[in-house]
Amino acid sequence: MASWSEFAADEPRLAGEIRLLMQQYGPGFGYLATVRADGGPRVHPVSPVFTDDGLWCFVIDSPKRRDLERDGRYALHSFPPEESDDEAYIAGRARPVTDPATVTRLARIARASPHGDWRLFEFTVEAAMLTRRDPVAQPGAAPPPVRVWLDPLGAEPARREPVGAEGRRGRHGFDTRRPAA
């Protein structure tokens, strides 16, 4: 999977627009989806940290941190702007950062409390998506433009299982057979 900087080098305009949407309220703000131990999704708000060399997130001791430590798959979705339904989405794998210099540098940038029980994760990018919606679109209008980037050096696509009455596992591993909680 690509680092944020590799994605941004490959698609600078898309990466820039996604970063702006995630940081529209100042520091980063989005919804982090992780994979629970039973395979279901878990969603929590987080403050991702964007730098020129990476996409990072400080995660406190919580179920979502244990999800990332056990199964690094994640999806990050932007908070909707007040004036539109534009959205940004990034998915990939989170990996713990243990290099003290990197942790210290990012804690300073993000103003992370030195006394918190958090761990730093770097988010790699397997897929990125940006959708821009016309705030005054009429019913029946053309679908909004969607821009998608998939890591060209990423792993082979997951084997597609036929959809049966029992449901299926989604592209990023979420079990879609379970009803929403």
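Predicted model: local features only at pLDDT ≥ 70, side-chain atom pairs only at ≥ 80, totals over all residues.
Let's start inside a sheet: Ala94 has Phe123, in strand 7, as its bridge partner. Residues are numbered from 1 along each chain as its sequence is written, and side-chain values use heavy atoms, with hydrogens and water left out.

Strand 6 and strand 7 (residues 118–123) pair in the antiparallel sense over 3 bridges. Here a strand is a DSSP run of E with at least two residues, a helix is a run of H or I with at least four, and both are numbered from the N terminus. Two strands pair if DSSP finds at least two bridges between them.

Strand 6 (residues 87–96) also pairs with strand 5 (residues 73–78), in the antiparallel sense and over 5 bridges. Look for Ala75, whose bridge partner in strand 6 is Ala91. Strand 8 (residues 127–131) is another antiparallel partner of strand 6, again over 5 bridges. There, Tyr89 stands opposite Met129 of strand 8.

## Aromatic rings

How many aromatic pairs does the structure hold? There are 9. Rings of Phe, Tyr and Trp (its six-membered ring) pair if their centres lie within 6.5 Å; planes under 30 degrees apart count as stacked, over 60 as edge-to-face and the rest as tilted. One of the pairs is Trp4 with Phe50: the ring centres are 5.0 Å apart and the planes stand at 75°, so this pair is edge-to-face. Trp4 is in helix 1 (residues 4–10) and Phe50 in strand 3 (residues 49–51), so the pair ties together parts 46 residues apart in sequence. Both Trp4 and Phe50 are buried, where buried means under 20% relative accessible area, exposed over 50%, and partly exposed in between (1.4 Å probe, protein chains only).

Now turn to Tyr74 and Phe123: their ring centres are 4.3 Å apart and their planes at 20°, so this pair is stacked. The pair links distant parts of the chain, with Tyr74 in strand 5 and Phe123 in strand 7, 49 residues apart. Tyr74 and Phe123 are both buried. Ring pairs also join Trp4, Phe7, Phe50 and Trp149 into a cluster.

## Out on the surface

Is Val148 buried or exposed? Val148 is exposed, with a relative accessible area of 54%. You can find Val148 in strand 9 (residues 146–150).
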